[in-house]
Every structure is written in C-alpha cells, then in structure tokens.
Amino acid sequence: MSPEFPRTLAIFCKVVDNYGDIGICWRLSRQFHAEHGIAVTLWVDDLASFRRIWPAVDTQAAVQDIDGITVRHWAGQDGEYAPADIPDVVIEFFGVDLPPGYIEAMAQCEPRPVWINYEGLSAEEWVEGCHRLPSMHPRLKLTKHFFFPGFTDKTGGLLRERGLIEERERFQADPAAMAAFLARFGVTQDEKASRKVSLFCYPEAPVAELFEAWEQGGSAVTCLVPEGVARAQVSAFMGADAMAGACATRGALTVRVIPFMPQTDYDRLLWACDLNFVRGEDSWVRAQWAARPFVWHIYLQDENLHHVKLRAFLEKYTVNMQSLVDFSLCWNGAREGRMDPLWTSLQAELPTISRRAREWEAQMSANGDLVSNLLDFARSLR
Ligand code: TRH
C-alpha cells in the first residue's frame with residue numbers, strides 16, 4: 001500500500017434525470033482533489049444539468065478545467081483509449097456502462113486500476129453484506145468492487161467535506177448571517193418570526209394539501225421553494241407562473257419562489273431553515289448534515305420499492321417520533337392521510353425532532369467521511 005496512491009482518478013457520471021447524480025459526482029470530484037490532492041477527471045454526459053448546480057460550467061466545451069478538475073463531456077461509447085489514458089482509480093457511478101474501449105485499455109494496464117462501482121444510498125440491512133464485494137469481468141482480467149454509502153460503520157458512510165460541520169455551526173451561531181442570507185430571497189423583517197421551511201420534492205408530493213394546512217394553521221410559515229420545484233402546485237397557490245422572485249401570502253402561509261441556486265448556497269438554505277423538505281439522495285444527505293428537522297421525498301421506483309427504502313430509513317432515524325413517521329409515509333404516498341392533522345402533530349414534535357437531528361449528525365460523523373473511506377478501501381486493493 002503506497003501513501004502516494006492514488007494520484008489520478010476518473011469518475012463516470014450519466015445524468016439519468018434531475019441533478020442528484022451530477023450533484024454527488026461533483027462533490028466527490030471536488031473532495032478527492034481539494035482534500036487529497038488527486039488529479040480528477042469527471043466524465044459527464046449532460047453539461048446543461050451540471051451547469052444548474054455549478055454556474056461556471058461551459059456547456060459547449062468538450063474538455064474544461066473547473067477548480068482544478070478536468071471535466072470531459074462524455075459524448076458516447078465510441079473512442080479509442082490507451083493504457084496511458086487510464087488513471088489509478090476508475091469510479092463508475094450507479095453502475096453506468098463504461099466505454100468498451102476504455103475497459104479494454106484498463107485491462108492492458110499494469111498494475112490494473114482499482115475499479116469501483118459506486119452505488120446508491122439505502123438504509124436497508126443487505127447493504128452491509130454487499131459493500132466491498134468483488135465482481136469479476138466475464139472476459140478480461142479485471143475486477144470491480146461495489147462501494148455503498150450508508151449509515152453504519154460497515155458501509156462507506158456519507159459524503160462530508162472537511163470542515164463542513166464547523167462551517168455550518170459558525171453559520172447557525174450567527175443569526176445576522178442567517179437573516180442576511182434569507183434577505184437575499186426577499187424574506188422580510190416580519191417574516192423572520194415565522195417558521196422558515198425550504199421545499200424540494202418530486203411533482204407527486206401532496207404540496208397543495210400541505211399549503212392548505214399551512215394556510216389555515218395557527219402559526220406563520222414562510223416556504224422557500226426553488227424555481228421549477230412543484231411548479232404546478234406552487235403556480236396554483238400564486239395564481240401566476242411560479243417564477244423566481246414571485247411571492248404570495250394567504251392566511252398564515254407565505255410562499256416565495258427563489259432561484260435554483262448553486263450547490264454551496266443550497267447548503268446555507270438548509271442551514272438557515274427550521275424545517276427542510278428534501279428529496280432523492282444528495283439533498284437528503286445535506287439535510288442530515290444541516291442537523292435540522294427534515295422530511296424526505298424519495299425517488300419513485302417500480303413496484304413501490306422506494307417505500308421499502310423509506311421505511312428502512314425511518315426505522316433507523318426516528319426514535320419516539322411517530323409524527324415524523326406518519327407525515328413521511330403520507331408525503332411519499334405510502335399511506336393515506338390528511339395533511340392538516342399530520343402537520344399539527346409534526347409541528348408539536350419539532351423540538352424532539354431537532355434534538356434527534358443533532359444526535360444523528362454526530363452519529364453519522366463518527367462513521368468517517370465517504371471519500372476517505374473509499375480511498376482507504378482502494379489502497380487496500382493495491
Ligand atoms: O435531483 P434529484 O432528484 O436526484 C435524484 C437522486 O440523486 C436519485 O438518487 C437519482 O437516482 C435520481 O435523481 C435520478 O435530488 P438530489 O439527489 O437531492 O439532488 C439535487 C441536487 O441539486 C443536489 O446536489 C442539491 C442540488 N441543488 C442545488 O444545487 N440548488 C438548489 O437550489 C436545489 C434545490 C438543489
């Protein structure tokens with residue numbers, strides 16, 4: 001095992017839908033490079049989606065340097081590659097198919113690169129048994145290994161940048177900084193006393209019912225929703241197209257449409273809000289590092305497989321927090337229920353949920369950070 005290893009690393013990312021996949025791959029790339037000095041090449045098929053979370057991206061460039069990372073437009077499976085093109089570690093994200101010529105070149109390398117299949121995050125028990133398992137190539141002398149993020153020390157842990165927790169603590173200990181951040185989105189002095197909620201979910205979430213519960217609820221809520229999220233329901237509430245900058249108040253609820261912001265600002269939004277609605281994988285993890293109460297909207301899967309994953313997480317996460325379990329199941333369509341009583345119960349339990357959020361963040365930090373865990377594993381294979 002050499003401390004110099006790896007010097008070079010490539011990540012292959014296909015943006016299937018939405019932003020989570022590139023969101024995670026970009027985090028990985030930045031962390032490998034900034035914290036471990038590794039020369040990273042990120043191959044990505046959809047530069048336009050990438051640009052939404054990182055405005056410095058040039059959508060026309062075949063190759064570009066962003067913050068010291070080489071970003072290559074992955075335009076297709078064709079192409080010839082030589083062993084000299086292959087880095088020490090190759091990561092395929094969510095089992096994407098690498099270009100055949102690239103795999104042939106990997107097989108010609110001496111020593112072979114470490115080949116990792118980076119899998120999706122799940123709280124299910126089977127993950128621990130599959131983490132780090134090898135899979136032989138049927139024809140070539142190559143082995144790839146599965147690497148699973150997760151919530152226990154028998155998994156790869158969660159992505160967490162160095163200094164993230166300290167930065168968040170500084171921000172949350174500074175009410176003026178939080179107020180100034182929210183003021184960027186038009187949150188006024190009056191609204192500062194209201195409960196601040198960020199909303200990021202898939203279109204299937206019962207947003208209209210939740211808005212109704214908030215509107216008629218006893219305490220003021222300011223809901224900050226990035227442009228494009230739940231567009232139909234937000235537009236219906238506004239009575240106009242939900243463009244960034246739009247704002248409407250009805251009853252106890254103010255809804256503000258805010259710009260879809262760069263990744264680093266999105267963290268601050270989560271840190272500044274009292275309750276965050278998040279979705280998919282990356283925003284879900286960021287909400288956990290925010291150490292604030294959150295409600296997760298999971299990505300829909302065939303045969304309601306996502307409900308199994310949702311329940312597995314709730315089982316691990318919730319301790320004496322029945323209101324969060326009930327609310328989450330209804331929010332995800334895993335159970336019938338009306339939003340107003342669910343919201344009343346959730347609201348009453350927010351202090352307990354806040355305590356649990358802080359405890360969970362500390363528990364997750366103790367599993368180490370995913371990038372360091374992945375590098376330790378890659379070194380063990382050399
Ligand atoms: O975009 P998502 O729905 O991604 C999902 C998941 O990754 C899922 O695993 C995948 O299979 C599916 O897509 C196809 O949600 P996620 O994972 O939360 O990613 C959103 C990213 O966008 C995340 O990196 C945070 C970032 N973001 C911003 O940068 N600015 C914003 O304003 C918002 C709302 C999000």
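## Pockets, a cavity and a helix pair

In this predicted model, the largest pocket is lined by 38 residues, and those nearest its centre are Gly20, Asp21, Tyr202, Gly280 and Glu281. The largest share comes from H1, with five residues. If you sort the lining of the largest pocket by class, you find 20 nonpolar, nine polar and nine charged residues.

The protein is divided into domain 1 (8–158 + 367–380) and domain 2 (164–365). Notice that domain 1 is written as two stretches of residues, 8–158 and 367–380. The centres of domain 1 and domain 2, taken over C-alpha atoms, are separated by 30 Å. Where the domains touch, 26 residues of domain 1 are in contact with 26 residues of domain 2.

Why does the largest pocket lie between the two domains? Domain 1 and domain 2 both give residues to its lining, so the pocket lies between them.

Now for the second largest pocket. Its lining has 15 residues, of which Arg30, Glu161, Leu164, Glu167 and Thr264 lie nearest the centre. At least two lining residues are supplied by each of H1, helix H5 (164–172) and H9. Here again H1 gives the largest share, five residues. The class count for the second largest pocket is three nonpolar, three polar and nine charged residues. Its place follows from the reasoning used above: both domain 1 and domain 2 give residues to the lining, so the second largest pocket lies between them.

How many cavities of 30 Å³ or more does the count give? The count comes to three. Around the largest cavity you will find Ile24, Tyr118, Leu121, Pro149, Gly157, Leu158, Leu159, Glu281, Asp282, Val285 and Leu370. By class, that lining has eight nonpolar, one polar and two charged residues. Domain 1 and domain 2 each provide at least three residues of the lining of the largest cavity.

| Space | Volume |
|---|---|
| Largest pocket | about 870 Å³ |
| Second largest pocket | about 220 Å³ |
| Largest cavity | about 70 Å³ |

Finally, let us visit a pair of helices. Two packed helices are described by the angle between their axes and the distance between the axes. Helix H12 (residues 322–331) packs with helix H13 (residues 339–348) at an angle of about 145°, and their axes are 9 Å apart. The crossing of H12 past H13 is left-handed. Which residues of H12 and H13 meet? From H12 come Ser323, Leu324, Asp326, Phe327, Cys330 and Trp331, while H13 brings Met339, Leu342, Trp343, Ser345 and Leu346. By class, this contact has eight nonpolar, two polar and one charged residues. Both H12 and H13 fall within the bounds of domain 2.

Terms used: Residues are numbered from 1 along each chain as its sequence is written. This is a predicted model: local features need pLDDT of at least 70, side-chain atom pairs count only at pLDDT 80 or more; totals for chains, interfaces and linings use all residues. Side-chain values use heavy atoms; hydrogens and water are left out. Axes are lines fitted to C-alpha atoms, for helices over the stretch in contact, and angles run from 0 to 180 degrees between N-to-C directions. Helices (H or I, at least four residues) and strands (E, at least two) are DSSP runs, numbered from the N terminus. A crossing is left-handed if the near helix is turned anticlockwise from the far one by less than a right angle, and right-handed if clockwise. Contact means heavy atoms within 4.5 Å. Ala, Val, Leu, Ile, Met, Phe, Trp, Tyr, Cys and Pro count as nonpolar, Asp, Glu, Lys and Arg as charged, and the others, Gly among them, as polar. On a 1 Å grid over the protein atoms alone, a cavity is a set of points where a 1.4 Å probe fits but cannot get out, and a pocket is an open set with protein on both sides within 12 Å along at least five of seven lines; lining residues have an atom within 4 Å of a point. Grid points are joined across faces, edges and corners, and a volume is the space filled by probe spheres set on the points. Domain bounds come from an automatic or database domain assignment.
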